[in-house]
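Notebook open, structure loaded. I'm jotting down what I look up as I go.

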Amino acid sequence: MAYHASSIRILSSFGAAPSRTQPILSSTYMKSLTPEVIQAITPIFMATVGAVIGVAVVVSPNITDAKWSAGLGLAGTAIAGAAGLAQSSNNEPDFSVKKQGNNLEVETPTSEANDRH
């Protein structure tokens with residue numbers, strides 16, 4: 001089966017077949033999606049989804065109590081998950097333990113700050 005070049009261009013413009021001349025995702029866009037950007041955008045996206053679900057549940061007519069409760073529960077879970085992801089993460093350990101002979105020395109971030117004064 002032979003295809004004419006113009007029919008292939010038309011199909012590719014509707015998403016039937018990707019074109020070799022047009023990249024699906026540009027390399028400039030992909031370079032800007034660093035892990036830090038993704039980590040910053042994800043909570044915003046999740047909170048937005050939760051808010052949309054919550055508003056949709058509140059304004060929906062003829063909704064049963066069970067669906068209303070489930071919808072608001074899902075919205076609240078999405079917003080709570082976004083809040084959890086939005087918290088800063090600290091990759092440092094909370095404390096360290098060193099053994100010197102028979103003694104154990106415990107260092108915490110608070111004890112290190114007090115030792116420097």
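Where is the place of A70? I checked, and A70 sits in helix 4. One caution before I go on: this is a predicted model.

**A70**

I looked at the cover on A70 and got a relative accessible area of 48%. Because the exposed class starts only over 50%, A70 goes down as partly exposed. I also took a distance from A70 to V57: the two are 13 residues apart along the chain, and their C-alpha atoms are separated by 9.2 Å.

**The whole chain**

I stepped back for the overall layout. I count five helices and two strands, and reading along the sequence I get α-α-α-α-β-β-α. The chain has 117 residues, of which 7% count as buried. For the accessible surface I have about 10,000 Å², with 62% of that belonging to carbon and sulfur atoms. I then checked contacts with a separation of 6 or more: residues 24 or more positions apart account for 34% of them.

**Helix 3 and what it packs on**

Next I went to helix 3, residues 35–59. I get 25 residues and a reach of 36 Å from first C-alpha to last, close to the 36 Å expected at 1.5 Å a residue. Which residues of helix 3 are buried? My list has P43, G50, G54 and V57.

Buried or exposed? A82 comes out at 5% relative accessibility, so I count it as buried. Leaving aside neighbours within four places in sequence, I find A82 in contact with P43, M46 and A47. P43 is also on my list of buried residues in helix 3. I noted F45 as well: A82 and F45 are 37 residues apart in sequence, with 8.0 Å between their C-alpha atoms.

**The loop between helix 3 and helix 4**

I looked at two residues here. N62 is in the loop between helix 3 and helix 4, and its phi is near 55°, a positive value in a residue other than glycine. I flagged that, since most residues other than glycine have a negative phi. N62 has a relative accessible area of 82%, so I have it as exposed. With a relative accessible area of 30%, I63 is partly exposed.

**Nonpolar patch**

I63 turned up again when I looked over the surface. Which residues make the nonpolar surface patch? I get V55, V58, V59, I63 and W68, together covering about 460 Å². I checked where they come from, and helix 3 gives the most, with three residues.

**The hairpin**

Last stop was the strands. I have strand 1 at residues 96–100 and strand 2 at residues 103–107, paired in the antiparallel sense over five bridges. The hairpin has two residues between the strands, and there I see G101 with a positive phi near 70°.

What is the bridge partner of K98 in strand 2? I find E105 as that partner. The side chain of K98 has another pairing, though: K98 forms a salt bridge with E107, and the closest N and O atoms are 3.6 Å apart. That passes because the cut-off is within 4 Å.

I checked the cover on both ends. K98 is partly exposed at a relative accessible area of 42%, and E107 is partly exposed at 22%.

Terms used: Residues numbered from 1 in each chain as written. Predicted model: local features only at pLDDT ≥ 70, side-chain atom pairs only at ≥ 80, totals over all residues. Heavy atoms only, no water. Patch = residues over 30% accessible without salt bridge, like charges linked within 9 Å, V, L, I, M, F, W, Y side chains within 5 Å. Areas by Shrake-Rupley, 256 points an atom, 1.4 Å probe, with all protein chains shown as cover. Helix = DSSP H or I, 4+ residues; strand = E, 2+ residues; numbered from the N terminus. Buried < 20%, exposed > 50% of the residue type's maximum accessible area, 1.4 Å probe, protein only. Contact = heavy atoms within 4.5 Å. Pairing = 2+ DSSP bridges. Expected span 1.5 Å × (residues − 1).
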